[in-house]
Amino acid sequence: MSAAIKTRRTRRRLLGGLGYHGFGIIAAFFFLAPFIWAGLASLRPSSEAQNPPLPPWPAHGISFDAYKTLDSFGSGIWQHTLNSLLVSLGTVVLTVMVSLLAGYGFSRYRFPFKNVMFVLIIATLMIPFQSILTPLFIILSRLGLNNSLLGLMLVYVTLQLPFSVFMMRNAFDAVPREIEEAARIDGARDLKLLFRVLLPVVMPGVATVAIFAFLNAWNEFLAALILLSENDKYTLPVLMTAVRAGRLGAINWGAVQAGVMVMTIPCLIVFLLLQRYYMRGLMAGAVK
Amino acid sequence: MTSSPAVPIAGIVRQRRRTRRRQWQGVLYVAPAMALVTVFFVVPVLFTVWMSFHNWPLLGQPSWIGLGNYVRMASDSRFMSALSFTAYYTVVTTIAIFALAFPLALFVERQRRGVGAYRTIFFLPVVVGLATSSLLWVWLANVDSGLFSPILRMFGVTGRAANLLASFDSAFAVIIVMVVWKIVGFTMIILLTGLQSIPSDLTEAARIDGASRWQRFRFLTLPLMRRTLALALILSVTGSVLAFDQFYIMTSGGPQNRMISVVYYIFNQSFVSFQLGYGSALSIALLAILVALSVIQLRLLRVGDER
């Protein structure tokens, strides 16, 4: 009797597990398939590049033709990848520096209009940057920063600030004051105290800020499209849109697949390596 | 005896001077952030308002025209169709995303082996750019070199090669599927945090009292998730209202220019026709819409608190 119940129970659990993972694997396939298809298709020789990707894998050996074709557009794929990397890494460094200082200032000092300033920084979240692109275009050209990667970088840093300053202030708020007092007694002051003693403690917050700054700058399209006007300054999304629209010569779908992979892989690597810090940022933003 | 009161006073003065110095240090720390926000955000916002009262060509002198741009906007039928298209898109995407994100969130909430891997995989498209996924999907939907057209033919849905991006309805469907694929993992994670914040003894008690799975979901889970739902809803709505990349990259405004979203229309007015003044007035309208949405968000969240 009890043995029969037991076997029935294990059978039900087994069936439940099968159903669960059956659904999971099918769903996972749909989420992964576009990446896999593009990745495999980008390795086909140029003679197959314009054919439908059925099957997606290269039938006559792996070839890097698509990537070579991609390199013939604009100023070459290395130049544009370098542009994207410069803007993204510059955004990361500047965002971390500025929000580290601001977070420390807002957490540890008292000064006039402190709350007004903090609310002002956070309130920029309410206003979509898409609605201020027209004047930004004019202001940047007055500053001599039109069609410049530095100008674009400064815009990206500003867009990252509300989230980053909020994150860093919370990170500093969570640091016990005793640590600072002990360091002060040992003679560490101001910037030395901040960088030598506190920075290692708030490092998880810095990682969160950095990963969001990188992904957002690497992926941003509209501002780059408007603010960059010369081919050789294009970041990857702007370049690839021009390739896809056939503005730089006939549309080559192999080159589009290759470009998609060049843009996708860094995001996936950064996310998979630093997933924990990414999710922390997401939760902080969601709970707010 | 006579010198004793002087010591504390001197001490207080010194301390006050020190706190004042410390105060100024605080301002120094936040100064770079404030400078960036001022130059690249506050000034542009004010400048947008100023420009919206002008006829402002790219080259040449701007001229003051008062409310001219706003009057023009009110009778601009193309702007109205951009507004209605954006509203239509927002409603459809939001419903589609929630219809999928909720089951997925319930799926990845269970404590089972491999659930972490599922969470990560469902989330992967979120970290890739919208422009990147638009490029990827415009290839998949291409009539000659893509994937969907031969698959549809293989299953006998369409007789000949189908150009999905050539008609409004099928192109719109492709874009919705792409956006859902790209965004649903994000909404799923937000909803998951809400699900996890529900104390398990509550659901346990309801189960013991004989509430069915649906009853527990309807009368326990949903009400307790009000805040999270409101947040996920607003993030999805504001994101959709600002949509641009997918229409620009995938359909260039779509068959018969029917896929021009509000941001796309502003882009066209400001940077294709170079009517920067009119573009600014349109931006102010967009801004007003989003601030109104934010106010509704705060309302919804506060109502969630009272219950």
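Tutor: Happy to. Helix H7 (residues 177–185) of chain A packs against helix H8 (residues 190–201) of chain A at an angle of about 150°, and their axes are 11 Å apart. Axes here are lines fitted to C-alpha atoms, for helices over the stretch in contact, and angles run from 0 to 180 degrees between N-to-C directions. Helices are DSSP runs of H or I with at least four residues, numbered from the N terminus.

Tutor: Before we go on, this is a predicted model: local features need pLDDT of at least 70, side-chain atom pairs count only at pLDDT 80 or more, and totals for chains, interfaces and linings use all residues. Residues are numbered from 1 along each chain as its sequence is written, with chains lettered from A and ligands numbered from 1 in the order in which they are written.

Student: Thanks! So how are H7(A) and H8(A) oriented to each other?

Tutor: They are roughly antiparallel, therefore, as the term covers angles over 145 degrees.

Student: And is the crossing of H7(A) and H8(A) left-handed or right-handed?

Tutor: The crossing of H7(A) and H8(A) is right-handed, meaning that the near helix is turned clockwise from the far one by less than a right angle.

Student: Which residues make the contact?

Tutor: From H7(A) come Ile179(A), Glu180(A), Ala183(A) and Arg184(A), and from H8(A) come Leu193(A), Val197(A) and Val201(A). Contact needs C-beta atoms, placed from the backbone, within 7 Å. By class, there are five nonpolar, no polar and two charged residues. Nonpolar covers Ala, Val, Leu, Ile, Met, Phe, Trp, Tyr, Cys and Pro, charged covers Asp, Glu, Lys and Arg, and the others, Gly among them, are polar.

Student: New topic: how many residues of chain A are in contact with chain B?

Tutor: 70 residues of chain A are in contact with 67 residues of chain B. Helix H1 (residues 2–41) of chain A gives the most to the chain A side, with eleven residues. That side divides into 50 nonpolar, 17 polar and three charged residues.

How values were computed:
Two residues are in contact if their C-beta atoms, placed from the backbone, lie within 7 Å. Helices (H or I, at least four residues) and strands (E, at least two) are DSSP runs, numbered from the N terminus. Angles under 35 degrees count as roughly parallel, over 145 as roughly antiparallel, 65 to 115 as roughly perpendicular and the rest as oblique.
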